[in-house]
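Biologist: I have a structure open and would like to go through it with you. Can we take it one question at a time?

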Amino acid sequence: MSTPKPRVKLPKSAAKDEIITIKTLISHDMESGQRKDKDGNAIPRKILNTFTCEFNGQAVFSCNMEPAISANPYFEFNARVPESGTFKFSWVDDDGTVITHEQDIEVK
Amino acid sequence: MTLTRRQALVAGAGAVVATALPFGMPAFASEEDTQKHIMEFTGGKTPEAGKITLDAPEIAENGNTVPIGVTVDSPMTADSYVESVILLADGNPSPGVATFNFTPMSGTAAATTRMRLAKTQNVVAVAKMNDGSVFMDQKQIKVTIGGCGG
């Protein structure tokens, strides 16, 4: 499978202490471990198990995912923006790979 | 229908589990598991109804991707905020779906994702506040095409 590509949607700027909505989507099969291949062998589980969102190094939101999360996991959540800074998003794969994405926001 | 059920839940605050039974769900093997997960999450406390709202479709045509959202009524300040919300589905091979962890930086305790549902079943959301109190909401989702395995 190709490298998962994260897509994040958040406003470029916000008022101080404004609560913004963040939407994230990442391409990943989220193989549940329940499916079987043509020969009847179970396909091993391989999912993204953790998602975290930080703002300037402070935790904002995180999620522990189970195999019941759909392929291409999508999250929509809110964040308070006290100052200009950087949102950092990371997804952790079962195999240990960490996919990160950063996006800046400016407080007007 | 949703409204009546919610009213019923509020009315039967202490007896959430008992109120859930008349909805005609046969006992799934993992319904006990779900209870076990709830107790593990709450540390043995029985969650009360209220404060948390589970937003999900009544009928999901495709069980592979069912939009599901939770909102918890909380000021989200450093003194009073929602620590985490656990989502469970009692008819899946394993009841765990996701755990959302919030902080006062979240602004509001609301999150939406997409989940898999193997068949028609109850989805339960339990919220844990920073003071240790727990609240839950549940909803039955009818699934036309299941989303596990194949």
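Predicted model: local features only at pLDDT ≥ 70, side-chain atom pairs only at ≥ 80, totals over all residues.

Biologist: Which element gives the most residues to the side of chain A that touches chain B?

Modeller: Three elements of chain A give two or more residues to that side: β3 (18-26), β5 (58-65) and β6 (74-81). One strand gives the most, with eight residues. That strand is β5(A).

Biologist: What area is buried between chain A and chain B?

Modeller: The contact takes 31 residues from chain A and 29 residues from chain B. Carbon and sulfur atoms give 49% of the buried area. The area is about 2,400 Å².

Biologist: Which residue is the bridge partner of A:Phe61 in β6(B)?

Modeller: β5(A) pairs with strand β6 (residues 96-102) of chain B. The two strands are antiparallel, over five bridges. In β6(B), the partner of A:Phe61 is B:Phe102.

Biologist: Now chain B. How many residues join β5(B) to β6(B) in the hairpin?

Modeller: β5(B) and β6(B) run antiparallel, and five bridges join them. A hairpin links the two strands. The number of residues it goes through is six.

Biologist: In β8(B), which residue is the bridge partner of B:Leu88?

Modeller: β5(B) also pairs with strand β8 (residues 121-129) of chain B. This pairing is antiparallel, over seven bridges. The partner of B:Leu88 is B:Val124.

Biologist: Is B:Ser84 buried or exposed?

Modeller: B:Ser84 is found in strand β5 of chain B. Of the eight residues in that strand (82-89), seven are buried. Among the residues B:Ser84 touches are B:Phe41, B:Phe100 and B:Val126. Its relative accessibility is 7%, so B:Ser84 counts as buried.

Biologist: And what is the bridge partner of B:Ser84 in β6(B)?

Modeller: B:Ser84 touches several residues, including B:Thr99, B:Phe100 and B:Asn101. One of these is also its bridge partner in β6(B): B:Asn101.

Key: Residues numbered from 1 in each chain as written. Chains lettered and ligands numbered in written order. Heavy atoms only, no water. Contact = heavy atoms within 4.5 Å. Buried area = accessible area lost by both parts, 1.4 Å probe. Helix = DSSP H or I, 4+ residues; strand = E, 2+ residues; numbered from the N terminus. Pairing = 2+ DSSP bridges. Buried < 20%, exposed > 50% of the residue type's maximum accessible area, 1.4 Å probe, protein only. Lists of a residue's contacts leave out its neighbours within four places in sequence.
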